[in-house]
Amino acid sequence: MPHTTGVRKRKVAVLGASGTVGQRFISLLAGHPWFEISALTTSDAKAGKRYGDVTPWLLGEDMPPEVADMRVETTRGDLDAEICFSALPSEAAEEWEAALAKAGHHVFSNVKTHRMDDDVPLILAEVNPEHANALDVQRRNRGWTGSIVTNGNCSAITFTLAAAPLHLAFGIEQVVVTTLQALSGAGYPGVPSLDALDNVIPFIGEEEEKMEQETKKFLGSWDGTSFKDAEFPFSAHCNRVSVRDGHTVTVSAALRGRPGLREVTLAMRAFKGRPQQLGLPSAPKQPIVVRDEQDRPQPMRDRMAGNGMSVVVGRVREDPVLGLKFVVLGHNTIRGAAGASVLNAELLAAEGCLGA
Ligand code: NAP
């Protein structure tokens, strides 16, 4: 049963509302049972204009009419919203996210700026909800009445969600991944068409480092005073490919005890977390969908599994070098960005971390 009865609606702002991730936020928040959009921010040049007039709408469904008529604002500390969902470019996030938290807002950020800070939780709701306990230390350290919670880079989220039950049940000894990342991961307008079409670009700035660091923070622990990273060698190759939405990650891993393929798929299929226990509005029934066909997952066919909130695993098989290999796909702007943030906000609201 979804956990929706008797919940007070909270006002929320979308920061960077006209961009790729900002638009996903709008689509996920329109009609949300707990949250109500009260402010939209863009760069200063557009402030005061109608959202529908300044936004190059990219999604398949129509722009929600009530949002199209809202006036966009500049990002500033006194926005009329309890929660701020941030899809800002990193320079703007540096300027505004801490200022908003200081002014009492609860910021849920997609941006890299604060992800690796010592007192900022990097949360993947099914995997490490207990990291939210770091908020007490954050508020004490910084003298904030608000807070910052981050979600990870889109590829780190996709890999980590599939890997979490394996790390929990067996322990990861080492892992090598190769990503095939969609164009929407580069924002809008993103990669020029003449670079993207008919091509693979074998470099995405900072992506390999982010994947390695964030995965270890997600799978690590919070001991009451600091985060302790999970420890295993991790190697990532990150590539941009000509796919619209959906990041594919091919994985080779060594697990402790070398479990069989059946044990691995059972652990993934059975995996559920706090969002499923609480019946949160955006929680997918199955965080990890495992498919048996030999040619799945595929971005075009599988990215909307669980309304874009599940990752889809396939081709689970033996790896002659490390023991296990599989493919995992995640929707980069839903599970890998806006949807992950909305789920984190639902989780913290349900757990009483955002005040009554
Ligand atoms: P994007 O398409 O380039 O959108 C960024 C938007 O921010 C632009 O529309 C820009 O709007 C707006 N903006 C610039 N300065 C602003 C300010 N001071 N206040 C409010 N809005 C401002 O980029 P994106 O892909 O949505 O990414 C947004 C953030 O999420 C980035 O930090 C990115 O790294 C992160 N992220 C993206 C993905 C993904 O899959 N795309 C996944 C995870 C994380 P104007 O038109 O007004 O200039």
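**Exercise 1.** State whether Cys84 is buried or exposed, then explain why the structure holds zero disulfides.

Solution. Cys84 has a relative accessible area of 0% and is buried; buried means under 20% relative accessible area, exposed over 50%, and partly exposed in between, with a 1.4 Å probe and protein chains only. Cys353, at 23% relative accessibility, is partly exposed. A disulfide requires a pair of cysteine sulfur atoms within 2.5 Å. The closest cysteine sulfur to that of Cys84 is in Cys353, 17 Å away, which is too far for a bond. The structure therefore holds zero disulfides.

The model is predicted: local features need pLDDT of at least 70, side-chain atom pairs count only at pLDDT 80 or more, and totals for chains, interfaces and linings use all residues. Residues are numbered from 1 along each chain as its sequence is written, and side-chain values use heavy atoms, without hydrogens and water.

**Exercise 2.** Find which strands stand at the edges of the open sheet of seven strands.

Solution. Strands (E, at least two residues) and helices (H or I, at least four) are DSSP runs numbered from the N terminus. Two strands pair if DSSP finds at least two bridges between them. The order is β8-β11-β7-β12-β15-β14-β13, with mixed pairing. β8 (200-201) and β13 (288-290) each have a single partner strand, so they stand at the edges, with one side of each left without a neighbour in the sheet.

**Exercise 3.** Describe how β8 is joined to β11.

Solution. Two bridges join β8 to β11 (residues 234-241), and the strands run antiparallel. Val200 stands opposite Val241 in β11.
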